[in-house]
Amino acid sequence: MDFDNATVGAGTIVEPGVVVGFRYHPDCGPARIGANGILRHGTLIYGDVSIGDHFQSGHNTVIRAKVRVGDYCTVTNQSTLEGLIRFGDGVRVMSHVYIPSRTWFGDRVFVGPGTVFLNERIPGRLEHGPTPRGATVEDDVMIGGGCTILPGVTIGARSFIAAGALLTRDIPPRSFVKGHPARIEPLPAELDRANSPHLWQQAHDLWHPHANHPHELDWPADWPERY
């Protein structure tokens with residue numbers, strides 16, 4: 001599928017109201033989207049973006065220029081990638097997440113809803129401050145909802161970041177992190193494993209038009225009231 005400034009791979013569903021390859025500059029390059037994904041209504045993807053196969057966007061997802069995304073990645077509703085960002089394979093970003101430029105992700109990373117990454121510690125107060133730099137998130141990191149990740153922080157592989165944590169310093173690999181500001185503890189043995197493929201390697205989400213048996217979806221049986 002060809003657009004004015006983009007190429008979209010075979011099998012990728014593009015809903016109405018999607019912009020791919022937005023020309024943010026007269027000299028910008030095209031966007032390239034892989035195969036077998038879905039771009040939902042309201043998605044805006046700039047030119048100079050490269051996204052792999054099986055990508056899923058939510059409604060009103062914004063991905064600005066110079067973003068590189070691997071295979072089996074997801075960026076859901078109302079989340080923003082501000083450009084100059086690298087995703088490995090299997091990165092899943094939930095709703096209302098903000099990721100600034102120069103943020104780096106490894107493979108199989110999960111980011112819970114409402115999490116905010118930052119890339120400048122002293123914004124607007126230094127005449128010649130350092131180049132903004134976001135976090136580095138290594139492989140198989142799990143980040144809960146509502147976290148705040150300060151600029152330049154490195155989160156070591158397999159670490160588990162509890163919901164609401166405020167990360168102000170580097171996190172060693174295989175850490176369990178909680179609190180505000182965050183406390184670092186050894187990762188419990190039952191959590192010391194890679195993120196499950198069932199989480200990150202999903203060809204379809206629950207509401208994908210090719211998902212199996214949507215008529216079987218229902219409220220949990222133990223809820224007191226059914227609709």
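Here is a short tour of this predicted model, stop by stop. Local features need pLDDT of at least 70 and side-chain atom pairs count only at pLDDT 80 or more, while totals for chains, interfaces and linings use all residues. Residues are numbered from 1 along each chain as its sequence is written, and side-chain values use heavy atoms, with hydrogens and water left out.

**Stop one: a surface patch**

Select Val19, Phe22 and Tyr24, which make up a nonpolar surface patch with about 240 Å² of accessible area together. Patch members have over 30% relative accessible area and no salt bridge, and nonpolar side chains are joined within 5 Å. Val19 sits in strand 4 (residues 19-22); strands are DSSP runs of E, at least two residues. Val19 is partly exposed at 37% relative accessible area (buried is under 20%, exposed over 50%, partly exposed in between, with a 1.4 Å probe and protein chains only).

**Stop two: aromatic rings**

The whole structure holds five aromatic pairs, counted when ring centres lie within 6.5 Å.

**Stop three: Ser57**

Now pick Ser57, in strand 9 (residues 56-57). Ser57 is buried, at 2% relative accessibility. What does the side chain of Ser57 reach at 3.0 Å? That is the backbone nitrogen of Arg40. The Ser57 side chain also makes a polar contact with the side chain of Thr43 at 2.7 Å (N or O atoms within 3.5 Å, one able to donate a hydrogen and the other to accept it).

**Last stop: cysteines**

Select Cys73, buried at 0%, and Cys147, buried at 1%. Zero disulfides turn up in the whole structure, taking cysteine sulfur atoms within 2.5 Å as a pair.

Technical notes: Patch = residues over 30% accessible without salt bridge, like charges linked within 9 Å, V, L, I, M, F, W, Y side chains within 5 Å. Areas by Shrake-Rupley, 256 points an atom, 1.4 Å probe, with all protein chains shown as cover. Salt bridge = Lys/Arg side-chain N within 4 Å of Asp/Glu carboxyl O. Helix = DSSP H or I, 4+ residues; strand = E, 2+ residues; numbered from the N terminus. Phe/Tyr/Trp six-rings, centres within 6.5 Å; stacked < 30°, edge-to-face > 60°.
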